[in-house]
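Q: Here is a model to go through label by label. Please set each value against its cut-off and then conclude.

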Amino acid sequence: MEKTSFFCIILCLSVLFWPAAPIVLAAANFDIAGVKIENLSERSPVTPNDPLYSAQWYLQKIGAPYAWQIKTDSPKITVAVLDTGVDIDHPDLRRNLWVNEQEIPENKIDDDRNGFIDDVNGWDFVNNVADPRPKFQAGFIDDEVNHGTIVAGIIAAEGNNNFGISGVTWRAQIMPLKVLDDKGEGTTNNVIRAVDYAINNGADIINLSFIILADVPGLREVIERAYRANIILVATAGNEGQHNISHSLDEEKVYPVCYDGGKNMVIGVAATDTLDQKTAFSNYGFACVDIAAPGVSFMGLTVYNPYQRYQGNPFNNYYQGYWYGSSMAAPIISGSLALLKAINPKLSREELIDKLLTNAFNVSRLNPGYLGQLGRGRVDLAAAALAVYNDLINSWNYIVTSSLTTALADVKIFDNNNNSVAEFKPFGEKEKAAEGISLTTGDVDQDGQAEIIIGANISGIPQVRVFDKSGKLKSQFLVNQKNWRGGISVAAGDVDGDGAVEIIVGAGKMSEPQVKVFDVNGKMRSQFLAYPRGFRGGVNVVTGDLNKDGVDEIITGAGPGGGPHVRVFYGTGGVIDGFFSYEQSFRRGVNVSVLNIKK
């Protein structure tokens, strides 16, 4: 059986011991929804209230406080941590643990029939028990006992809970899988079993903060299985090779970081220092390293068990510093990917990784001896989060709603996840339209973002108002005499083929059945009668490119009192077509819309 060579996480000579602080459960939502962001640095960074946050220099280095303006947590993302075990009772982790909801705790039954009894929070593959915590077995080493807990905390120590430190993501589901013993050693067979467990139990990301010196076929195969299961694997580049010094992975490969198989199956992470220079201990290379991340001076979580001692010192602290090693760099990337995936869950694995890598900070100038051997550069979480977010909102379709009975009711905007992202009163607190408003959307000012176009129904002033999707008024204009109260119907489309979207207004009740076409500033482009001049039931309007010539047509439906007459016009008013949608005797009015069906 191959032994897993676990490279050391090294504790600095000056160790700070910090007493525990009282736990105050608190949360803050700093999500920004629906508005394109040009530059996060122009906004105030988000600062969690965790007392030791100021010691976490690496979070500022990667731009986490700016990324947190967009998203602070990833509560639905599961990150499997294959390591020396995790203190699942730690105050900064216990709310961020993966829970196997199909398993009943401590009933000694494999409820979900996955082959593991009582695996509520993971599994210890070393001792083959459900408890994934370190065991303090004979010969244990304090660095190795703490290693898995430190890694888990870098990824997802609970943020903004007024206790300890903050993870890269404030919330996630950490799946602790103990594959190394309390001396930092283990077998490849246990690593293989743990990766399979992560695959079968829904892990999104697997963090591998260890190296193996030998290429083991079974391990390569399980890495391939995880890759085929669409899991992101993150591995450290390592601190050492066979000669106990950092080296090029192109000359001397280590694993699992070099298990790429031509597909970049594993994201390899090198370690940099506070100056963005490669650390003396970190391995490097063209083929196996994809990105770099901070790897020195970490204030980290530690296992709390005051009944256990190492060289006379009790494990009676929740936190210690300062730690260093490329083991620390990998979980920075795992936490970053968890946060990015939470910002846009619809991104594919490859798209997500590409956003992370292409937005890395170029450190070549600071590392002339390692050009191209530290991957794409040092991770820039702020830049990656901004890119992921802006891509997301550019692809979103929003649902805009309003009341049918009164314009005083809010216009509400919902995103793809049915979250209300904005609401506003289009006619303020005092102006009133007894029968609600007419609304449509369209990019009428050619800024790349759709606007919301509002018109008042009966009893409201005959005014069109144009808002952005946050509810900010962009323009407004009258379409009839100000004291007229017949209401209007609005639509939007490029009806003259100039590339700009026009606003189309259909007359309401008690007015001639006019259709008027305006630009965003209220300049009238054309007008025409949709029905005989004496008809006073109103005109419902919509647009659509019915003949696929690249120019929208105007489609009208007669309001109550007229026949169910649907007509199609050019933007200038020329008639294209018309038909009756119901029996000609029908007099209750017709609403119209356009549906694009692709064959």
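Predicted model: local features only at pLDDT ≥ 70, side-chain atom pairs only at ≥ 80, totals over all residues.

Q: How many helices and strands does the protein have?
A: There are eight helices and 29 strands.

Q: Why is Ser 297 called partly exposed?
A: Buried means under 20% relative accessible area, exposed means over 50%, and partly exposed lies in between (1.4 Å probe, protein chains only). Ser 297 has 28%, so it is partly exposed.

Q: Why does Asn 162 count as partly exposed?
A: Asn 162 has 30% relative accessibility, so the label is partly exposed. Asn 162 belongs to the loop between α3 (142-156) and β5 (173-178). Its phi is positive too, at about 60°, and it is not a glycine.

Q: Why does Arg 588 count as exposed?
A: Its relative accessibility is 72%, so Arg 588 is exposed. Arg 588 lies in the segment after β29 (575-580).

Q: What does the pair of Cys 258 and Cys 288 tie together?
A: Cys 258 is in the loop between β8 (232-236) and β9 (266-272), and Cys 288 is in the loop between β9 and β10 (291-294), so the pair ties parts 30 residues apart in sequence.

Q: Are these cysteines buried or exposed?
A: Cys 258 has a relative accessible area of 11%, so it is buried. Cys 288 has 2%, so it is buried as well.

Q: Why is α4 called roughly parallel to α5?
A: Helix α4 (residues 188-200) and helix α5 (residues 217-228) have axes that come within 9 Å and cross at roughly 10°. Angles under 35 degrees count as roughly parallel, over 145 as roughly antiparallel, 65 to 115 as roughly perpendicular, and the rest as oblique. So α4 is roughly parallel to α5. The axes are lines fitted to C-alpha atoms, for helices over the stretch in contact, and angles run from 0 to 180 degrees between N-to-C directions.

Q: Which residues make the contact of α4 and α5?
A: Contact means heavy atoms within 4.5 Å. Val 191, Ile 192, Val 195, Asp 196 and Ile 199 of α4 meet Gly 218, Leu 219, Val 222, Arg 225 and Ala 226 of α5.

Q: Why is Ile 231 called buried?
A: Its relative accessibility is 2%, so Ile 231 is buried. Ile 231 is in the loop between α5 and β8. Beyond four places away in sequence, residues touching Ile 231 include Ala 198, Ile 199, Ala 226 and Arg 349.

Q: What makes a nonpolar core, and what is the largest one here?
A: A nonpolar core is a set of buried Ala, Val, Leu, Ile, Met, Phe, Trp, Tyr and Cys residues joined through side-chain atoms within 4.5 Å. The largest has 72 residues, and those with the most contacts inside it are Val 234, Ile 291, Ile 332, Ile 333 and Leu 340. Helix α6 (residues 326-343) gives the largest share, 11 residues. A second, separate core has 48 residues, among them Val 195 and Cys 258.

Q: What share of the protein is buried?
A: Of the 599 residues, 56% are buried.

How values were computed. Residues numbered from 1 in each chain as written. Heavy atoms only, no water. Helix = DSSP H or I, 4+ residues; strand = E, 2+ residues; numbered from the N terminus.
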